[in-house]
Every structure is written in C-alpha cells, then in structure tokens.
Amino acid sequence: MEVLKENEEEEQREEEELKALEISDKQHDVERKLSVDQACTPNDVPDFDWSSIDTSELPSSYKTNSSKEKKLLRIADNFLQQYAHLCPDREPLLLHPVNECGVEKFVSTTVRPTLLPYTELYHWEGCASFVSDYLTMEPLKSPIAPPSSLYSPTTILKYHRGNCFDFSVLLCSMLIGAGYDAYCVNGYATHKICTMDETLEVCPLLRKPQEEMEKPKRDPLYGLRVHAWVLVLSGKREVPETFFINPFTGNSHSTTDEQFLGIESVWNHRNYWVNMQDCWNGCKDLIFDLGDPVRWEFMLLETDKPHLLLPDVEEDEELFDRIMDSVEKEEEDRRFDMPPSWVAPIQISPREFETRSPQGRKVILYKKAKLEKWRPYLNRNGLVQRLAVYADSHYTKVVEVKEWFKNREDMLDMREVNRQTQLTTEHFHPGHLLGLKAHIYTSMEPETEHTMEFYNEARVDGLQKRIENANEMTEYFTGRDDFLYFRHVEFGKRVKKIHVAGTRIDINSRPIVQIKECFHRNPEKPPDEDVAERIFLITEERINLTYHLNDKYITASKKNFLKGAERDRKGNEIIMTPETCITYQVGSSETDKKLLHLYKLLQKLIEEEKQLKHEVWESATEVLEILKIREDEEADIKLTVSIYDTERNEKRRQEYEATDDLMEDDLLGQEEQDLDYLAPFLIQIGNIEKMSKWQALRLREDCLTDFKRRLTDKANVIQAHLQKEVEELQKKDQWYQENQNQLSMEDEADFLAYCSETMFRIRVLALRLKREKQVAPQKYLALEEKLRKDPRLKVHLSHP
C-alpha cells in the first residue's frame, strides 16, 4: 500500500510539473510574440524597396528551376519533414527561400564559388574586408527568424546592400573560390553582432592586446536573434584553426566567442548540414567535424552514412514497412549530386573594386571613435581613411585624428594629429624628393621643434634622423665609412637676424657653441688611436678627444687641445707647447711629448672643425628647404595615376592605342638599332664574310674595351664635376668666414643663394655617381652576353 501511495504521489508531482511546463511554454510564446511585434516596427524597415528592382534582364536560371533543381527541392522537403518529426522543438530550417524572381531555390545552389582577378581577394582578410566595405547592411525583417527570401550574390552586388544572409553567401562564394573550406552559417548571435553596433567596441586600429569591450545592456531577445555568418574550417589554404567571420565587419572570431550563441545549420555549394549538438553554452563546445553523423545531420549522402530512423514504429508492421520503403527511397535520393549554382558568374569591375563603399564613403562608429573610409581619388588630397578619437561617447570633443592617404605624389602615407598638444606626425613612403621617411612637428615655422626621419639608403651621408630646435640639433647616421653615428650641435643666440623676403632663410646663421660627434669602433685601428667621441668647444676654442676603451682597461685615452691664435701679430706661426695639449694615455705613466705629432693632429682637427661648421650649416639649410618643399606640396597636392589606369589617364590611353598600331614597326626598328653596337668596329674589317676567328675575337674584345672605357669616362666626368662643385663651395665658404662681418645684406643674400644652388647640384651629382657605379657592371655584363649571342661573331667563333 505504501508503494502504491508513493507511486500516486509521484504521478501527481509529474502532472503538476507538466502543467507548469505547459504554462511556461504558453507564457514564452506570448512573450516571444510580443517581442516580435515590438522589434518589427516601421522605423526598422529599410528605405530601399526591393520589390521595385528590375528582374527582366536576369538569366532564365533565375526565373525557372531545372528538373534536377526540382528533384532537389523534393529531397529538401522530405528531409524537412523527417527533421520536424524528430526535432519538433527546433526552429524550421532555412532550405529553399525564394530568390529575387520569386522562385524557390535551395540555399546551397545560391552559393557561387568565384575567384576574382585581384590579388587582395586571394586571402580571406581581403575578401572579408571587401564585402564589409562594399555592401550596406540591412536588418532582418524579423530579428528572431530567418528571411523568407535569399537573393543572388550578383543582385546583392548590383544594389550594394543586403542582410546578414546576403553578406554571408557572397563572402562564402568568394572564399570557396579562393580555395578556403568555407560555409554559410544560420545561427544566433548577440544584439551587437546582429545589428553591427560597434559603439561599445574599441576600434581595431586602437585596440591594445587583451582589451575587452564594454559590457552591453540586457537584451530581451538574447539567444533568439537570428544571424548569419561564415565558418572557415582548418586544413585548406594552411588555415591552422577553425574560425568564424562576421560578414558585417569582416573581422575574424574564435569559435568560442561568447557573442555567437548557437547554430541551426551550415551549408556550402555541395551539401547542407544540421547541427545536432546542444548549444546551451553557445558555440563554445561545438565540434565542427561535419563528417560526424551524430553531431551533424547532412542532407545529401556524399559517403555511406547512417540514415534517419523514426522511433516507436516497430509495433505497427505495416507502418514500419511503409516508413522503411520511404527511408530507402530517401537514402537513394540523398545520394543525389548537388546541381550547379543557378547564379550568374560573379563579376566585379576594377572601378567597382576600387570604389568599395557605396557612394565611395563609409562611416563606422566605435567606442569613442569614428572611422571614415573613402575610395581612392574621391578626395583631391588623396585621403582614403580617417580615424577620429573622441574624449566622450557623444563624439563631440576630438582628441586625436589619424589620416591615411594613397596615390600622393609627395609620397605621404599617414598623418597623426594630437589635437591637445597639436603634435603632428607624418609618415612617407620611399621615394620622397629628399628621402623623407617621417616628420614630427607642432609648427611648420623654422627653428621650432622638428624631428625628421630619412630613408638612409637614399642618402649619400647615411642620415637616419635629425632633431632640431632653436638651441640645438641632433643627427643620427648609419652605414658611414668614417663610422660616425651621432652628432649633436649647440647653438648660441644671434647678434642680428636678417630675413630674406619671400623665403624662410635667415642670412645670419646661428653661432655654433659646441659640436659633439660619436663614432663606432673601427676594427682596423688600435683602440687608443680610434676616436670614440670628439667635442669641438668652439666658443672656448678647445677640442676634446676620447678614444675607444681598450678591453684590458677601465678608462679610455684622452687628448684635450687648447686652440690659440695660429699666428702672432707679426704673422709668425706659434710654436706648439706642452700646455697646448693635455694628454692621458692609458697604460703609460709618461706624458706623450711628441709635439710634432700633436701639432699635426691639432692642425687637422682645426681643418675638420671648419668643415664640420659648414656641414652643420648645410643641415640647418636642408631643414629650411624641407619645410619649404612640404609647404609647397601641401599648397598644391598632386595625385599620381598609374599608366595602366586607362580610365583616368585618358592621354596615356590615346598614346597606347596609337602606339599599338605601330608596334610591329617599332620592334623591327628596335632590332635594327640593337645591331649598331658593332657598327664602328665592323667598318675597320670591311668584308665580314671573310672575317677570321682571331679577328672576331679581337673585334669582341675591342668592343668590350671601348664600352668599358666609355663607362669609366662617364663616371670620371661626373666625379670631376662633383669635385669641382665641392671645391668651389669650400672656397666660397672660406671667403664668407673671413669676410662675414664686412658684408652687406645683398652680398650675404647672394652668398646664400649661391650655396643653396651649389648644394643642390652636389647632391644630384653624388646620386648620379652612385647610380652610375651600381649599373656599370650590369651594363658591361649585358653587352658581353649580347656579343656572345651575336650571329655575326658567333658564326666565326664557332669555326675551328
């Protein structure tokens, strides 16, 4: 009796639990309906009217189904019936929504694998970035249900817009075409992911490692919001780990990302898989082995897989036999191959690929930041991207601005401006007129704080960096033959300041107080003869030398020179005395008394000091020149256009068309011209047919010797011009140093103009000489190869 009583009580408890569950389910349905009604307000309806698009010109495959497609739809319906019977609590699957022509199409056939002819789109990052930039996001009509229609990627591209499913199908088509194992995903995600709300997210350009986003507000539709994204499995294209791509942003996410809350199904162009795993913990615990029939139920059989069985039907044999016949037929159908995509080939013109964003501009709001993107050439200054960082969440007070440029003739790549300190940093691509790599400043006025970095490979002096203000200048070098790597100059105050009208140049240069230079170790010299640091105390008329440290000692050798007048009042040279130089020689207790050696060293240092002062003046002048050039470049910004861009470069296109007609004649003319290198030497022989092997050898050697001589002469001429310019500049500078106190303003202006022009010629000649030395061996080897293959010589040299 007690047992029966316990059973009755247990049955009563079960009935109460079932009633409670029914009430809970009804309440959930009511809440869900209310949520749907609240979410689908008229304000959320997109402005674009898809019903007004023109479909008359679309191919017939968009408007009808082939017999194979019809059979596929029947298989899909049968699959859906069995799925609904087995999983009555699951949401309906998205299998065959209608396309833009109102025709039902299976989702796998809407995927159109395509490899587009742009290098950037050979990688998933480029494909994802293009799709997110090119399309405008539209919300789903119902945030908790898949769409009833799925348009072709070609139509989506044409109108530059779509929902998350449209984004995903296009991106998946491009990724599969590029060789990735990619799939479209029908699942659930957070409000932020579904609505592309990045206002709580730190901009990727500002994100620091392990920086988390701000916690979002509570979402009443959490876990119910439908979203589509792309799954990329590991293996193909050397993908090391499976990951997700959010097509709205183009960002990759781990499969354990908490923003992705569940998956209903995935598909590609070959098959359709239903997720049979529990998503109570989001996507964190999902196993993406699509060949596992327990975790993923597939629609079409690609290999032998277990088929679906309906439970509890063995008792009715007739029903069981009927179902088994249906299952066997269904299994036969499921071995059916997926028909080809009904979508026309996806094509993107070069102009469309370049334009990217609709109307050429796209704006994304992040947490306290706004990112703007433009297509190239839309802005006259070459601006393609701008990131503004704000101090508040209302985007009112700008703290920092970063701008990126393309196709600038001045090679400007990026500019950063701190609006609080007004510190501006400019970055340049290689190729600027003066080898400029970066420029940091608060004002373009001269003798304010300026930091300039250079591509040292493009400079003769190996300058890497220069920092200058009104009081000092610091320069850093690399790769120099004299091992110099650091120079610091201290300036004094001007006695007078004379400004030349129309320029930034002041005639009276700043007086130099001190010059300090540091050198790397020269292994070819002993440490106590290899100068590590030298300081020219110009106002004190002293020169201090510090040598490199010997490994055996803890102190370094030093020499301190005191400069006096080189001649007395009668013009006689002053004799060197021990007091003129204080010497400390490591490892020696005696003072170095070789006065003649010290005297010659002092004389050499005095000459080097003069040269150094001139180099400092050149550096200061170059800073002014760079500032003037940058002002001119910003005042008249010019954009470069590739000669292959025939749409923009109309003139080049016309030239190309005109040249194309005469290409054969040009080639023939070029062949005849290429034969002229032997002409002067063939005249001396006369009859070529009677040429002997010895004459052919002599002819080849004479041609090579003459070419080598001409290359050497050309280099010598450039070297002579360079040496002459340097000597003239040194003489002029020496004249200026001796007479600067007696010169008028006009004389000083003439001197300055002369120096500026001469320095420019010296830099040009130095670059030409360097280039000539680099290409001369290549030219010689090229001529040697031509002579070896020349038929007029080859026929004679091959004779015994």
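Start with one term: a polar contact is a pair of N or O atoms within 3.5 Å, and within protein one must be able to donate a hydrogen and the other to accept it. Keep that in mind for Ser-341. This is a predicted model.

So, where is Ser-341? The residue sits in the loop between helix 8 (317–334) and helix 9 (350–355). Ser-341 is partly exposed, at a relative accessible area of 22%. What does Ser-341 touch, leaving out residues up to four places away in sequence? Thr-109, Thr-110, Val-111 and Arg-112. Two backbone oxygens matter here. The one of Thr-109 is 2.7 Å from a polar atom of the Ser-341 side chain. The one of Val-111 is 3.4 Å from a polar atom of that side chain. Pro-113 is 228 residues away from Ser-341 along the chain, yet their C-alpha atoms are 8.7 Å apart.

Next, a helix pair. Helix 10 (residues 595–635) packs with helix 14 (residues 693–739) at about 100°, and their axes are 11 Å apart. That makes the two roughly perpendicular. From helix 10, Gln-611, Lys-613, His-614 and Glu-618 meet Leu-729, Gln-730, Asp-733 and Gln-737 of helix 14. By type, the contact has one nonpolar, four polar and three charged residues.

Last, confidence. Mean pLDDT for the protein chain is 81, with 78% of residues at 70 or more. Where pLDDT is low, the predicted coordinates should not be read in detail.

Methods. Residues are numbered from 1 along each chain as its sequence is written. This is a predicted model: local features need pLDDT of at least 70, side-chain atom pairs count only at pLDDT 80 or more; totals for chains, interfaces and linings use all residues. Side-chain values use heavy atoms; hydrogens and water are left out. Axes are lines fitted to C-alpha atoms, for helices over the stretch in contact, and angles run from 0 to 180 degrees between N-to-C directions. Helices (H or I, at least four residues) and strands (E, at least two) are DSSP runs, numbered from the N terminus. Angles under 35 degrees count as roughly parallel, over 145 as roughly antiparallel, 65 to 115 as roughly perpendicular and the rest as oblique. Contact means heavy atoms within 4.5 Å. Ala, Val, Leu, Ile, Met, Phe, Trp, Tyr, Cys and Pro count as nonpolar, Asp, Glu, Lys and Arg as charged, and the others, Gly among them, as polar. pLDDT is the predictor's confidence in each residue, from 0 to 100. Buried means under 20% relative accessible area, exposed over 50%, partly exposed in between (1.4 Å probe, protein chains only).
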